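Subject: Structure for you to look at

Hello,

Please find below the structure I said I would pass on. My notes on it follow.

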Amino acid sequence: MARALRIEYEGALYHATCRGNGGQKIFWDDKDRRYFLKLLEGTTTRYGTILYTYVLMDNHFHLLIETPRANLSKYMQTLNTAYTGYFNRRHNRAGHLYQGRYKAILVEKDPYLLELTRYIHLNPVRAGVALRPEHYKWSSYREYIGLEKKTLVKGDWILSQFGQGDKALLKYKEFVEEGINGKIDNPLKNSIAQTLLGTDRFVKWIRAMVNNLKEDRSVPAKRVLLKGPELNDIVDQVSKSYKISKREIRAKKRKGNIARMVAIFLSHKLTDLKNREIGDYFGGIGESAVTEVVRKVGKMKKHDAELAYVVEHLEKLLK
């Protein structure tokens with residue numbers, strides 16, 4: 001399995017999640033949840049992290065954490081190893097509890113922190129296990145609005161964005177409830193390679209940082225951050241645009257298939273892959289065939305305004 005890209009630096013903010021292996025439950029009852037929260041508190045103290053928000057669902061959890069010591073990997077490894085050991089002992093089982101390693105999206109703090117706290121706190125409502133977020137016991141929301149004493153999370157900075165004292169609690173509650181009464185977009189949908197979420201300036205800064213790391217092509221997210229989208233992403237977008245199956249786009253000997261030609265053109269333009277690698281992906285065609293398709297589409301764009309528009313639109317979606 002390809003490894004995830006881990007970007008760590010002092011003061012980094014992450015949205016971290018873990019899911020049960022094969023969708024299985026990782027919390028069977030409240031005793032499990034209480035023990036996990038005990039571990040979460042101890043691990044947060046040990047590694048000096050700042051926990052802004054959490055929610056525990058039956059088969060996964062969400063954390064929003066800041067790492068002043070640049071130690072996310074150690075933090076998550078300690079937490080997950082300890083809980084897996086407890087869970088297996090208590091429930092007389094063996095093997096993996098989680099579906100691979102944890103997932104973490106590096107987040108730019110100022111534009112996204114507030115939105116992500118709301119997104120996490122509304123998880124039980126979206127899942128249909130609670131009508132209102134304050135009805136769900138296993139999240140940090142009740143601490144935020146004063147229904148429980150703050151023991152785990154550090155919400156002072158977030159609440160300060162809404163005022164002081166009880167007024168801040170009320171305003172934050174109203175902010176979260178806007179997500180119940182109206183449609184609020186998932187802030188994570190704009191993440192890059194499920195690794196990075198931020199403004200163009202932030203993304204550029206992180207890309208420069210990643211570019212200085214030792215090259216490792218076993219980390220697909222690094223290729224996306226530096227060089228562009230995955231071939232699967234390109235084919236997926238072209239398939240949706242042209243309403244043609246992904247199999248037809250990738251199949252060999254499809255002369256006159258403009259969707260396939262566009263997909264090959266974009267693969268050449270938006271990635272750092274060699275023509276041989278692109279050809280292998282598209283049914284095993286040769287390098288010269290890839291070159292010829294790229295040439296043809298480039299020429300066709302000059303005389304076909306509709307094609308030029310479609311290609312430009314797809315480029316924007318994929319960048």
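Asp304 caps the N-terminal end of α15, with a side-chain oxygen 3.1 Å from the backbone nitrogen of Glu306. A polar contact here is a pair of N or O atoms within 3.5 Å; within protein, one must be able to donate a hydrogen and the other to accept it, and residues adjacent in sequence count only if both atoms are side-chain atoms. Helices (H or I, at least four residues) and strands (E, at least two) are DSSP runs, numbered from the N terminus.

This is a predicted model, in which local features need pLDDT of at least 70 and side-chain atom pairs count only at pLDDT 80 or more, while totals for chains, interfaces and linings use all residues. Residues are numbered from 1 along each chain as its sequence is written, and side-chain values use heavy atoms, with hydrogens and water left out.

Helix α15 covers residues 305-318, 14 residues in total, and reaches 20 Å from its first C-alpha to its last. That is close to the 20 Å expected at 1.5 Å a residue, where the expected span is 1.5 Å times one less than the number of residues. Its buried residues are Leu307, Val310, Val311, Leu314, Glu315 and Leu318. Seen down the axis of α15, these buried residues fall within an arc of 135 degrees, so they line one face of the helix; the arc is that of the directions from the helix axis to the C-beta atoms. Buried means under 20% relative accessible area, exposed over 50%, and partly exposed in between (1.4 Å probe, protein chains only).

The face of α15 turned away from the buried side carries the exposed residues Ala305, Glu306, Tyr309 and Lys316. The cover over the buried residues of α15 includes α10 (231-242), α12 (258-270) and α14 (287-303). Contact means heavy atoms within 4.5 Å.

**The strands**

In strand β1 (residues 12-19), 7 of the 8 residues are buried, so the strand is largely enclosed by the rest of the structure. β1 pairs in the antiparallel sense with β3 (residues 60-67) over 8 bridges, and Leu13 has Glu66 as its bridge partner in β3. β1 also pairs in the antiparallel sense with β4 (residues 103-107), over 5 bridges; there His15 stands opposite Ile105. Two strands pair if DSSP finds at least two bridges between them.

Strand β2 (residues 50-56) is mostly covered, with 6 of its 7 residues buried. β2 and β3 run antiparallel and are joined by 6 bridges, with Thr53 opposite Leu64 in β3. The two strands form a hairpin with 3 residues between them.

**Asn71**

Asn71 lies in the loop between β3 and α2 (72-90). At 7% relative accessibility, Asn71 counts as buried. Leaving aside residues up to four places away in sequence, Asn71 touches Glu8, Tyr47 and Thr49.

**The whole protein**

The secondary structure comes to 15 helices and 5 strands. The protein is divided into domain 1 (12-207) and domain 2 (229-318), with bounds from an automatic or database domain assignment. The C-alpha centres of domain 1 and domain 2 lie 39 Å apart.

Along its principal axes the C-alpha trace spans about 65 × 45 × 40 Å. Of the 319 residues, 46% count as buried. Among contacts between residues at least 6 apart in sequence, 68% join residues at least 24 apart.

Regards
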